[in-house]
Amino acid sequence: MGTHATHIVWDWNGTLFHDTEAVMGATNAAFAELGLPPITLDRYRELYCVPIPKFYERLLGRLPTDAEWLVMDEAFHRHYAVHRPACGLAEGAEALLESWQLAGRSQSILSMYGHDELMPLVRDFGIASRFLRVDGRTGPSGGGKSEYMVRHLAALAAGPSGAARPDGAGRTDPARGEAARIDPARTVVIGDAVDDAVAARHAGAHAVLYTGGSHSRSSLAAAGVPVVDTLAEAVEAAKEIAA
């Protein structure tokens with residue numbers, strides 16, 4: 001692999017992990033607890049944004065109080081945990097991850113899903129060996145990804161960390177490529193939310209947005225980056241962007 005070859009940072013929820021049904025089930029179950037009417041997927045995709053309290057402001061017409069936000073957040077995650085086991089990887093994701101790695105390219109995951117929940121999921125799907133690094137959220141939920149992205153790319157450039165390797169390994173093997181060769185300018189973030197593009201720009205990377213998750217195509221188009229309908233198209237766009 002050449003110096004500064006293209007690196008992909010994958011989002012997890014709504015991108016590699018097709019959990020739309022779980023998100024909607026959890027959202028509407030939480031809304032029912034709070035006495036709110038259910039929301040359709042189309043409306044969810046039109047209104048969704050981060051920080052998440054702003055999403056609730058769009059729904060309610062006002063920002064939730066701190067106490068209301070805590071109740072909403074806890075209810076959502078509780079119901080999501082019930083629905084999540086029925087979900088799987090997005091169509092074609094496993095083959096794309098394999099082919100990208102076998103071509104000598106590198107990839108990683110950065111998610112705002114809780115780190116301690118994310119790592120076992122990646123292992124259980126049998127894809128842990130595909131990634132240089134996997135990072136999930138370690139702070140409060142509901143916020144944006146920008147600072148996490150900066151830290152993620154810096155950690156990749158600094159070298160592998162056993163704490164962030166889902167297979168528990170302590171260093172990068174030749175098949176994975178060398179973490180130190182990763183350059184933000186040759187990195188493409190693939191995600192399903194405008195926040196993925198914002199985080200990529202903040203860290204000096206590129207982005208491709210995928211319509212299979214949390215946003216409508218029109219919402220994603222506002223980010224000013226390529227928008228695609230399949231993960232295969234996202235990978236092809238990544239090759240062109242960072243060539």
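This is a predicted model: local features need pLDDT of at least 70, side-chain atom pairs count only at pLDDT 80 or more; totals for chains, interfaces and linings use all residues.
Visitor: Which side chain does the side chain of Asp135 join in a polar contact?
Guide: Look for a pair of N or O atoms within 3.5 Å, one able to donate a hydrogen and the other to accept it. Here the contact is 2.7 Å, and the partner of Asp135 is His152.

Visitor: Where do the buried residues of helix 10 fall, seen down its axis?
Guide: Helix 10 (residues 231-241) has Leu231, Ala234, Val235, Ala237 and Ala238 as its buried residues. Seen down the axis, they fall within an arc of 160°, so they line one face of the helix.

Visitor: What covers those buried residues of helix 10?
Guide: Contact here means heavy atoms within 4.5 Å. The cover includes helix 5 (93-102), strand 1 (7-10), strand 6 (187-191), strand 7 (206-210) and strand 8 (227-228).

Visitor: Which helix gives the most to the lining of the largest cavity?
Guide: A cavity is where a 1.4 Å probe fits on a 1 Å grid but cannot get out, and lining residues have an atom within 4 Å of a point. The largest cavity holds about 700 Å³ of space. Of its 37 lining residues, those closest to the centre include Asn13, Tyr44 and Phe76. With 6 residues, the top contributor is helix 4.

Conventions
Residues are numbered from 1 along each chain as its sequence is written. Side-chain values use heavy atoms; hydrogens and water are left out. On a 1 Å grid over the protein atoms alone, a cavity is a set of points where a 1.4 Å probe fits but cannot get out, and a pocket is an open set with protein on both sides within 12 Å along at least five of seven lines; lining residues have an atom within 4 Å of a point. Grid points are joined across faces, edges and corners, and a volume is the space filled by probe spheres set on the points. Helices (H or I, at least four residues) and strands (E, at least two) are DSSP runs, numbered from the N terminus. Buried means under 20% relative accessible area, exposed over 50%, partly exposed in between (1.4 Å probe, protein chains only). The arc is that of the directions from the helix axis to the C-beta atoms.
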